[in-house]
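Notebook open, model loaded. I'm jotting down what I looked up, one item at a time.

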Amino acid sequence: MMPTEPAGPSSEKQSWAERRRQKIREEIERNRRGEYTVPTWVLALALALIVTAWVAVVVFA
């Protein structure tokens, strides 16, 4: 059997915008506590730039 959530104000459905705002608030709180991590897309972009630069050096040298 699956446990059911207790009824209350927190169990009401939130709109997409409110869920997004809550996510942003939680992320800001984590960052203020020092739990900041670099997003994956930033790391992927940095890796792509490094590989592209290396290939350019090899090809044009």
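I started with Leu45, which counts as partly exposed because its relative accessibility is 46%. My cut-offs: buried is under 20% relative accessible area, exposed is over 50%, and partly exposed is in between, with a 1.4 Å probe and protein chains only.

Before going on, I noted that this is a predicted model, where local features need pLDDT of at least 70, side-chain atom pairs count only at pLDDT 80 or more, and totals for chains, interfaces and linings use all residues. Residues are numbered from 1 along each chain as its sequence is written, and side-chain values use heavy atoms, leaving out hydrogens and water.

**Helices.** I find two helices and zero strands in the protein chain. Both kinds of element are DSSP runs numbered from the N terminus (helices H or I, at least four residues; strands E, at least two). Leu45 sits in helix 2, residues 40-60. I checked the length of helix 2: its 21 residues reach 30 Å from first C-alpha to last, close to the 30 Å expected at 1.5 Å a residue. The expected span is 1.5 Å times one less than the number of residues. For helix 1, the 17 residues should span 24 Å, and the end C-alpha atoms are 25 Å apart, which agrees. Just after helix 1, I see Gly34 with a positive phi of about 95°.

How many residues of helix 2 are buried? The number is zero, so helix 2 lies largely in the open. For the protein chain, 0% of the 61 residues count as buried.

**Nonpolar patch.** Leu45 belongs to a nonpolar surface patch with Tyr36, Val38, Trp41, Val42, Leu43 and Leu49, about 740 Å² of accessible area together. Patch residues have over 30% relative accessible area and no salt bridge; nonpolar side chains (Val, Leu, Ile, Met, Phe, Trp, Tyr) are joined within 5 Å, like charges within 9 Å.

**Salt bridges.** I searched the whole structure and found two, taking a side-chain nitrogen of Lys or Arg within 4 Å of a carboxyl oxygen of Asp or Glu. Glu18 pairs with Arg21, closest N and O atoms 3.0 Å apart, and with Arg25 at 3.8 Å. Arg21 and Glu18 are about one helical turn apart because they are three residues apart in helix 1, residues 16-32. I logged Glu18, Arg21 and Arg25 as a linked network.

Notes: Areas by Shrake-Rupley, 256 points an atom, 1.4 Å probe, with all protein chains shown as cover.
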